[in-house]
Amino acid sequence: MTFRQPLITSLIIFNATLALAETGHHAESGDMEHWEAPASAPDWHNLAPDTAAVRQRGAALYAELCAACHGAQARGLGLLVGALATPPANLRASAAEHSDGELAWKIASGRGLMPGWGGVLGQENIGALLRYLRALPSDTGETH
């Protein structure tokens with residue numbers, strides 16, 4: 001599966017701009033409640049092997065699909081952060097706070113301006129993305 005970063009980034013920017021124009025939201029409004037996954041989400045098990053090749057594939061997917069909003073360092077400080085009504089999550093912290101199932105459900109489902117990537121990525125690539133995120137050092141210096 002090959003993704004085209006400029007096309008996807010352009011679509012995300014277009015959707016964000018359109019939604020902001022229609023709703024009048026600004027980055028300061030960030031009034032959405034904490035995003036909870038359904039109770040069944042933690043039952044999901046990551047079948048992607050924890051190997052360097054899988055983490056590398058996850059890193060490539062992250063760069064193409066996630067970095068524009070969540071930032072290159074996965075701290076929620078992407079190029080589009082100022083244009084979004086709800087700030088993107090710091091994924092380094094989220095990886096430590098949530099199960100693979102909860103994170104996989106959020107990636108697959110999406111919310112607001114975040115697209116649901118489940119139909120595009122499938123479980124194997126979502127698993128690779130999670131392996132990459134779990135390998136990043138947390139904001140406290142720990143790795144997962």
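Predicted model: local features only at pLDDT ≥ 70, side-chain atom pairs only at ≥ 80, totals over all residues.
The protein has six helices and zero strands, where helices (H or I, at least four residues) and strands (E, at least two) are DSSP runs numbered from the N terminus. Residues are numbered from 1 along each chain as its sequence is written. Local features need pLDDT of at least 70, side-chain atom pairs count only at pLDDT 80 or more, and totals for chains, interfaces and linings use all residues, while side-chain values use heavy atoms, with hydrogens and water left out.

**Overall fold**
- Read from the N terminus, the order of elements is α-α-α-α-α-α.
- Of the 144 residues in the protein, 40% are buried (under 20% relative accessible area; exposed is over 50% and partly exposed lies in between, with a 1.4 Å probe and protein chains only).
- Among contacts (heavy atoms within 4.5 Å) with a separation of 6 or more, 65% join residues 24 or more positions apart.
- The accessible surface is about 8100 Å², and carbon and sulfur atoms hold 58% of that surface; areas come from the Shrake-Rupley method with a 1.4 Å probe, and for residues only the protein chains shown count as cover.

**Helices H2 and H6**
- H2 (residues 52–65) packs on H6 (residues 118–135) at an angle of about 95°, and their axes are 7 Å apart.
- H2 is therefore roughly perpendicular to H6 (65 to 115 degrees; under 35 is roughly parallel, over 145 roughly antiparallel and the rest oblique).
- Axes are lines fitted to C-alpha atoms, for helices over the stretch in contact, and angles run from 0 to 180 degrees between N-to-C directions.
- The H2 side of the contact includes Val-54, Leu-61, Tyr-62 and Leu-65, and the H6 side includes Leu-121, Ala-128, Leu-129 and Tyr-132.
- By class, eleven nonpolar, two polar and four charged residues form this contact (Ala, Val, Leu, Ile, Met, Phe, Trp, Tyr, Cys and Pro are nonpolar, Asp, Glu, Lys and Arg charged, and the others, Gly among them, polar).

**Cysteines**
- The disulfide count is zero, a disulfide being a pair of cysteine sulfur atoms within 2.5 Å.
- The closest cysteine sulfur to that of Cys-66 is in Cys-69, 8.8 Å away, which is too far for a bond.
- Cys-66 counts as buried because its relative accessibility is 12%.
- Cys-69 also counts as buried, at 15% relative accessibility.

**Ala-53**
- Ala-53 lies in helix H2 and counts as exposed, at 55% relative accessibility.
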